[in-house]
Amino acid sequence: MNRIFFRLAAAATAVLLFAACGQPHRKAGAEVLLHTTMGDIRVALDDRTPLHRDNFLKLTREGFFDSLLFHRVIADFMIQAGDPASRRTPADWMPGSSDAGYEIPAEIVYPALAHTRGALSGARMPDSVNPERKSSGSQFFIVWGKTFDDEGLDKIQARIDAATGGKVVIPDSLRTLYKTVGGTPFLDGQYTVFGHVTAGLDVVDAIQRVATDSLDRPLADVRILSAEVVEK
């Protein structure tokens, strides 16, 4: 089975501004706390993506994410988890090819939900085998990314045009965030963003900096010890 993945981009270090600046028009709903071996990450799930929200809550309550690895980590890009096979995987085996056994229909709410730093998004199979851009039932990634200048964003817009038939345009409000806060704008309109980090962005930063092998697996395991729904 193919590994669940998405396209990569060159990256560089960016500033830690996301928590202060945020993303426009967010509607934060239920929250989940990920206890990891490197610290806690708290994410708010967006009510405008109810299928993804409810699925993430269901898996959390079932203990699905407990003991899973961040099996794919790319500096200045993102950290990815949610492969159940990573719970017990030898050091010489590369996880990433399994999930909960189903897919979730795309719920792309753009530009309100975009891949700015700290975004929680659904990993998926590539367009060639998944033209409807359905998300994996359990694999997800948290965006780190980089900042871009106008020239870089113009080039990314051309890439997005090619991938979406010109249907997705980066608005000025998001261009400002991508220039100051950072993220992965080249994924916009093609993957479902269904939440964002509300606390622990420094932990995301630390994880995305760890040393990895040639297949992007951390050399020293980074694990979700447990996940819990935050009761309000």
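The pLDDT is the predictor's confidence in each residue, on a scale from 0 to 100. In this predicted model, the protein has an average pLDDT of 90, and 88% of its residues reach a score of at least 70. Residues 6-22 form a stretch over which pLDDT stays under 50. For this stretch the model contains 56 contacts beyond four places in sequence. Where pLDDT is low, the predicted coordinates should not be read in detail.

The secondary structure of the protein consists of five helices and ten strands. Of the 232 residues, 55% are buried. The accessible surface amounts to about 9600 Å², and carbon and sulfur atoms account for 53% of this area. When contacts between residues at least 6 apart in sequence are considered, 77% of them link residues at least 24 apart.

D221 is located in the loop that lies between α5 (201-208) and β10 (224-230). With a relative accessible area of 38%, D221 is partly exposed, because this value falls between the 20% limit for buried residues and the 50% limit for exposed residues.

The side chain of D221 takes part in polar contacts with two arginine side chains. One, of 3.2 Å, is made with the side chain of R217, and another, of 3.3 Å, is made with that of R223. Leaving aside residues up to four places away in sequence, D221 touches T37 and L69. The C-alpha atom of D221 is also 10.0 Å from that of S86, although 135 residues separate D221 and S86 along the chain.

Methods:
Residues are numbered from 1 along each chain as its sequence is written. This is a predicted model: local features need pLDDT of at least 70, side-chain atom pairs count only at pLDDT 80 or more; totals for chains, interfaces and linings use all residues. Side-chain values use heavy atoms; hydrogens and water are left out. Helices (H or I, at least four residues) and strands (E, at least two) are DSSP runs, numbered from the N terminus. Buried means under 20% relative accessible area, exposed over 50%, partly exposed in between (1.4 Å probe, protein chains only). Contact means heavy atoms within 4.5 Å. Accessible areas come from the Shrake-Rupley method with a 1.4 Å probe; for residues, only the protein chains shown count as cover. A polar contact is a pair of N or O atoms within 3.5 Å; within protein, one must be able to donate a hydrogen and the other to accept it, and residues adjacent in sequence count only if both atoms are side-chain atoms.
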